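Colleague: I am new to this one and would like a close look at a single part. Could you pick a region and take me through it as one connected story?

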Amino acid sequence: MAGKAGDTDWRHTLAEAGPRERPEGHDGTPGEHAVGDGARIAVRRTHKLYLGGAFPRSESGRSYPVTSAEGHHLANAAAASRKDARDAVVAARAAFDGWSGRTGHNRGQILYRAAEMMEGRRAQFVSEVVDADGVSGERAETLVSAAIDRWVYHAGWADKFTQVIGGTNQVLGSYLSLSSPEPTGVVGIVAPPKAPLLGLVSVVAPVIATGNTAVVVASERAPLPAVTLAEVLATSDLPGGVVNILTGRLGEIAPHLATHADVNALDLAGAGDLATGMEEDAAATLKRVVRPEADTDWTADPGLSRITPFLELKTVWHPIGG
Amino acid sequence: MTTVPMEGGTVHDSAAPGPEASNAALRAYLRGLPGVDEVGARERASELAARSIKAEAKGTAIDLAIRMVDLTTLEGADSPGKVRAMSVKAARPDPADPSTPPVAAVCVYPDMVSVAVDALRGSGVGVASVATAFPSGRAPLEAKLADTGHAVAGGATEIDMVIDRGAFLGGDYRKVYEEIAAVREASGAAHLKVILETGELGTLDNVRRACWLAIHAGADFVKTSTGKVAPAATLPATLVMLQAVRDHHATTGARVGVKPAGGIRTTKDAIRYLVMVNEVAGTAWLAPALFRIGASSLLNDLLMQRARLASGTYPSPDHFTTD
């Protein structure tokens, strides 16, 4: 009932507005009449999880407040539960065969597409980085550009890492010995809290470039760039389930990825105090673990540093004549 | 819990047809049964499906569900080796955890019965065999009886027969009745489960009619489906069948079992059925003698949930056998 006055205004505008008042360059759909009179109801964004290619709310129905670097309330993000983490692992496992079975060339194209999509939403990412990190707009532009370039960088590796990491081995005896790298499987990623966009892309891109699938726990402090990145990935031809992004309390979600027997590897970049405990839990199921480093410089050239830890080398010996 | 809610039109058995009833009498009886409120049945089923079973109760439910499983393989590709492997799994579902109970029975084609009987000797696990030209039931009565006789001679303790859906839908209830009675005779001491194939009956009214027809013709169990037709087991169809066996017990004192089969793949699904059994038929039916779940992939999910409850961590499907 509060909107009653607004409704009246809207009708008034509808009756008064002539074709001349339409903004230039628009095709004059009926909705145009209401543009610019200030009475429009805001379309608010709901920040959700990214699970199996869909955007569900948390199974628990909870959310938590996210604030800017200066302490202003920005939005409420979904607070994922243990069961959301379990569902994410199921989705990632289901997506693994299809994703790892694609050619590296095809995966590279899709990663490049993610860069294209990010470029199209550059302004949104810049404003989110400004809010999250309290940096200047100029600095945020640099960080967003670096994040986009990181996709392109790993898109390039997608069809080249096998040649660089694998190859023929010289052996004593009449055998041909070949080593070829294969993706490890489902990788649990704890994204770095300090670089909510560049750090996130830097840990996700190398994992999926080689054919792994990922369950990502976004920065607890600044999850909004991760939610926007999820929307980018959903429009990049990336099959559902290859990347699953959870937002929420790190201590509540991450440890369950370490104990889950169907997770094959962990990147603990943002695990902080939880890292040691998670590493211990991971040992029970022989997971590969990348440990966190003190103050990683996410703007530096990553090389193959996050590609090789999530690969398994398969070596084949074949008899040859002579 | 002495009063069971009699939702969905209670059937009073006073007009039950005798063994000599004509087709006209059977038709009058079956079509005179109270109609099923389909919307109401679906609503009741989804309401019961929303119950949350947690922690210790869940552990108990999982063990009960494992004891109720008829571990099934009904494929053209079934080999003696596959049946033996499945039988070993039926007797000891989780070799890593001896406290895991065995399943109720294995369910195979008649020619595989003797293989399963040999593999399960002394284990206490029953051997059920589908018979009567499973799954379509499109064969002469002599062939169906020979099929049944072969399974019984092989040592099957339970026979899962299919009804002639064509005759049922065509209104020839007498033919369906006589076939069930004849197979009942041929089964001897073996338990008879009558498959209604609810997915082909069209309406829940027909499910109720087929269910009562099977009960009067001598079924020990009524079973929803073959698993070869979609939809297979559904909660509303099972609800209607549970109402029938409950009402039959209320008037005669005899208990007939119910077996949903096909499409039940997760622990959550299985527990939904157990909740429904408890709420509709009553606790007496919460036993392998009166409720079974026909399934193949369900068992692994039950075992994984069981391991999850025991260890507190999620297991990997890689650690459980696929067959």
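Modeller: Helices (H or I, at least four residues) and strands (E, at least two) are DSSP runs here, numbered from the N terminus. This is a predicted model, in which local features need pLDDT of at least 70 and side-chain atom pairs count only at pLDDT 80 or more, while totals for chains, interfaces and linings use all residues. Residues are numbered from 1 along each chain as its sequence is written, chains are lettered from A and ligands numbered from 1 in the order in which they are written, and side-chain values use heavy atoms, leaving out hydrogens and water.

Let's look at residues 66-290 of chain A, which an unreviewed UniProt entry annotates as "domain: Aldehyde dehydrogenase". UniProt positions follow the numbering used here, feature names are shortened, and annotations may be inferred rather than shown by experiment. This span is 52% helix and 18% strand, and its end C-alpha atoms lie 28 Å apart.

Now find the open sheet of five strands in chain A: with parallel pairing, its order is β7-β6-β5-β8-β9. (Two strands pair if DSSP finds at least two bridges between them.) At the edges, pairing on one side only, are β7 (243-246) and β9 (288-290) of chain A. On average, neighbouring strands of this sheet are turned by 15° against each other, direction ignored; axes are lines fitted to C-alpha atoms, for helices over the stretch in contact, and angles run from 0 to 180 degrees between N-to-C directions.

Further in, β5 (residues 186-190) and β8 (residues 265-267) of chain A run parallel, joined by three bridges. One place to look is Ile189(A), whose bridge partner in β8(A) is Asp267(A).

Two helices of chain A pack on this sheet. Helix α2 (residues 82-100) touches β5, β6 (213-217) and β7 of chain A, and its direction makes about 155° with that of β6(A). Helix α7 (residues 198-209) touches β5, β6, β7 and β8 of chain A, at about 160° to β6(A). Contact means heavy atoms within 4.5 Å.

Let's stay with α2(A). Its 19 residues, at 1.5 Å a residue, should span 27 Å, and the end C-alpha atoms are 26 Å apart, which agrees; the expected span is 1.5 Å times one less than the number of residues. Even so, α2(A) has a kink of about 30° centred on Ala94(A), the bend being the angle between axes fitted to the seven residues ending there and the seven starting there. Its buried residues (under 20% relative accessible area, 1.4 Å probe, protein chains only) include Asp84(A), Ala88(A), Ala91(A), Ala92(A), Ala95(A), Phe96(A) and Trp99(A). An α-helix has 3.6 residues a turn, so residues three or four places apart point the same way.

Definitions and conventions
Buried means under 20% relative accessible area, exposed over 50%, partly exposed in between (1.4 Å probe, protein chains only).
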